Every structure is written in structure tokens, then in C-alpha cells.
Amino acid sequence: MSAAAALVLAFALFGAELPDAGEVPGISGEAVVNGAVIDGFSWVRILETDYAVLRVTAEPAVPMTAYNDQGEPLAVSADGSPMALSAFSDYWFWIRADGEGTEFTIEYVEPSALEDSQVSSRLTSAEMAEIWTFTAGSTGRYIFSLGGADDISDLDLEIYGPSNSLWAGSYSVNSSEKLSTGLLEGESVQVMISRYNKGGSGEYTLEIERAGDMRQVESGMTGDAISGNVQRFLLPPLEEDSFLELSFQEDGDLDIYVTDMQGTDIASSATYYYTEGVLLQEGTQGVVEVYPYDIGEDLASFPWTISISGAGGELAQGEKLTVDAGYGSSPVLAWTADVPGFYTFEASFEKGRDGDLRLFDGFGEPAVFMATERGDEGFSVWMDSGEKAWVVPGFINPSVGGPCTLSVAETEPVILTGRIHGRIDDTTDPRHYYTVRGEAGSTLVIELRGDQRNLDLDMLVSGPGYVLQAEGGLSNTDSAADESVALYCREDGYYGVT
């Protein structure tokens, strides 16, 4: 490096005072733009709306520096060569070129295909990242290992799946990173190598090896989400309609996704509760993904459990059915309505243990998930003639379980007009059922108000084409006595309120 180039680099690394944003053209995506001339420099701003690697070229080729919103340098091209910027969603880059009348060209960098299981490359000070595409030759678990040529460069490793979804990342303070993920035969992922600082040579070697078979989902399997990476498992063909549940006990949030063997979404559950569950159809096979949405930074471990439960029988109107609903073995009970109307589903757990009740009106996530802190659950929903539903009772606490008695019957509601006052205490029924008429083309707003702020009231509104739930417990933070639901009435009809 020449003395002049060294001076440019040293100056850039001290940061810069950014000009007024209103004076600098802002662009998004690929573009060619003339920079704004300010104090002898040319400036442009880039807003990227997704995760990508951008190539920035200056014409004429003059030294360039990329800054973040705080004026901290991200990449430096001392010789005027193109810069490669690792873009984040809704992230601004400020680009400065040394000279007036500079034309900037911004392009997306297409990933290079990895032709072998090992590749060596280098990230210069002008390159924030380099991106590769790896395609699995067979289904299995693959290990991605990154090794830098020195201990000064701080290199990071990330793996992205379809739609730029981050599957795994390793971010130590050195240049040695390792990740593992399950891949299907022919499945492609993008592998991104990022350079955090500008020290060292930036040279690295990336190795990928198949380390065994992809783990299969089975009931009772456990794992640890503390790594912060998506964990993927094979789902063998289901022999019957089944309830797939992910549960955990730590304060945080895990979600579950199911895709077929081609990567198409089948079902997902992404609430803010301690359990996620989906109903899957007989014959379903594919991949189950455990996604760590929020697991904190201070926990030594974040254990989770997956369970799979099959059919537990059929419900009959007016009859009670007792089933075993132990933790991790929630049975699936089917019900088909003979005539259209409102039906009340109720579950009573032995000895008043705190159980919960889901209702599915199709495969995928539940239409209703009633999870009060009571030992019984119930709600009223609208069902058409011949319509089928499935109910799943269960427990989210591993230390609690036992029998559950279920029933379904036609609802006998109170007609609700205007405002009605009621009371819930230890001497009254914990649930009240109403119907309210909605007119076609109108928006129906139903509000529930409690006079005690520490009282947790929940509300469910159901009608033709609608099941809307206002339940503070699903957020883990809202124990309010006030709830509201608003729905658009496509036609005249009655709506049930629990």
C-alpha cells in the first residue's frame, strides 16, 4: 500500500461527519446516480430493504468510503476499486467518493456457486462480505467450518435459506466459526462470510462436509435452542391426522414451521405463548423447523420438547368423553356438525388441574386456543352442516397431567343488544354465551370491560366465516379485563360471543 493510500485509510477509520441527509440523493436497489457534491466530495445514500450484498462502483475510479448512520466506516476502497457492502433490512449506507462529479453504480452481487466442498478466498478492506451458494448432494446434516489465515481478522459466518431467511449464524471475536444445519437433497443455501473489522489479511478457507443423517422428528424428542439457530428435522409420513406440539418452559419465544419436501410451507404456529401446535393431515411428510424468535442472551440453556399425538376418538353431541390428556400426549378428537348453528365445546380436567383446549377448523394452526388458568375450558363457535372440527385438550406444564372430560352441545345463548352487565365470581358460571346480530356491510364492534384491572377476562367471537379471539394470555404480558373484537359483516347474520 502506498503512503497516500495509507493516509486515506487512516483518515477513514476515524469516521466522518455526515452531511445533511436532505442534500444527498437516496436510492434503493440497483441504480446509477450522480453523487451530490459537498465540500469537494461526492455523496450518495443507499437504503436496502432486504438482506443482500451490494457492489458499489465509482466512475471515474476514485477512493471511496462507506459509512453507517453514525459516520463509522464500514468499508474503504483506497484504490478506487468497487466496494462490496453487506446490506441489512432498512439499513442506510452513506457512500463518499474523493472527488467531484462522481457517478455511482449500485448492483446486487449474485452468489458464486461452490463447486467443491472447500474454497479459499479473501475479503479486502473494501469488502464487507462475500456470498456463496451451496447445494446439498444428499439429505443429511452438514457442517460449515470457516477458518481465517490469522487471528487479527474478525470473520463471521451465516447461512441463509429460502427468502433470505437466516438459518444459522456464528459470531465469535476471531476468525474460527462453525455451523451445522440439516439439508435435503438438492436443497440450496446461501453462505455469507462477513468481515467485522479491517485488521488482518481477510484471507479465509471455507469447508463443508456431510456429518451424518438428518434427525427425524419423533414424539418426546428434546433439544436446546440456546445456539440461536434454526433447527431442522425430517418429518416421516404421518400414519394418521396428528397434532404436532412444541413446548418449552423458559421465558422466551420459540416458533414451529412445517414445510413439504420441496420447501413449500404447510403449517406454522408463532404465538407468544409457552407452546406452539399445528394439526397435520395423514400422509404429511417434510421438514419441521424450530425457530428461536426470542431466547434471550443470559440463559445457559433453552430446552424444548416436541410431541406428536394421534386420533383419540370421535365426539358425540350430548355425550361426555373422558380421555387421557397428559403432558406431551394431547389426543385429537373429531366432531362433525349435523345442522348449522352455534356449538359449545367444554373440557373439564381432573381435580381442577390447569389444562387448555384448542379447536381446529382445518389443518394448520388452531382457530381457537383457550388457555385460562382454570381447570376447565369452554367456548362457543359457529359450525355449518357437515363441517368438521377437531379439539385437542392438553397441558403445557410438564408436572401436570391427567384425564380430561369433553363434551359438545348446541349453545343456548343470551341475545345481546346494546349494553349488558354481568358478573363473574366464585359463585357464578365462569363463562357467558351471547349472540349479536350483524348487518351486511357494517363493521361490528364488540367490547368487553371489567371493573377490576387485575381481573383477566377473555372473549371469543364466532360466526359464518369468522373465529376471532381476544385473549390476553396468548401474549404472556396482557392480563387485562378489557378486550375488544371488530369484524366486517359480509351478510346479515348472527355472531356468537363467549
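## Classes and cavities

Ala, Val, Leu, Ile, Met, Phe, Trp, Tyr, Cys and Pro count as nonpolar, Asp, Glu, Lys and Arg as charged, and the others, Gly among them, as polar. The model described here is predicted. A search of the whole structure finds 2 cavities of 30 Å³ or more.

## The second largest cavity

This cavity has a volume of about 30 Å³. Its lining is made of E245, S247, T305, I306, S307, Y327 and G328. Sorted by class, that is 2 nonpolar, 4 polar and 1 charged.

Strand 22 (242–248) and strand 27 (303–309) each give two or more residues to the lining. Strand 27 supplies the largest share, 3 residues.

## The largest cavity

The largest cavity has a volume of about 40 Å³. E245 lines this cavity too, together with D356, L357, R358, F369, V392, P393, G394, F395 and I396. The classes are 6 nonpolar, 1 polar and 3 charged.

## The nonpolar cores

Which residues have the most contacts inside the largest nonpolar core? They are F345, L359, F379 and L406, in a core of 25 residues. Several strands give two or more residues to this core, including strand 32 (356–360) and strand 35 (388–394). Strand 31 gives the most, with 4 residues.

A second, separate core has 23 residues, among them F134, Y142, I193 and L206. In soluble globular proteins, nonpolar side chains tend to be buried together.

Definitions and conventions. Residues are numbered from 1 along each chain as its sequence is written. This is a predicted model: local features need pLDDT of at least 70, side-chain atom pairs count only at pLDDT 80 or more; totals for chains, interfaces and linings use all residues. Side-chain values use heavy atoms; hydrogens and water are left out. A nonpolar core is a set of buried Ala, Val, Leu, Ile, Met, Phe, Trp, Tyr and Cys residues joined through side-chain atoms within 4.5 Å. Buried means under 20% relative accessible area, exposed over 50%, partly exposed in between (1.4 Å probe, protein chains only). On a 1 Å grid over the protein atoms alone, a cavity is a set of points where a 1.4 Å probe fits but cannot get out, and a pocket is an open set with protein on both sides within 12 Å along at least five of seven lines; lining residues have an atom within 4 Å of a point. Grid points are joined across faces, edges and corners, and a volume is the space filled by probe spheres set on the points.
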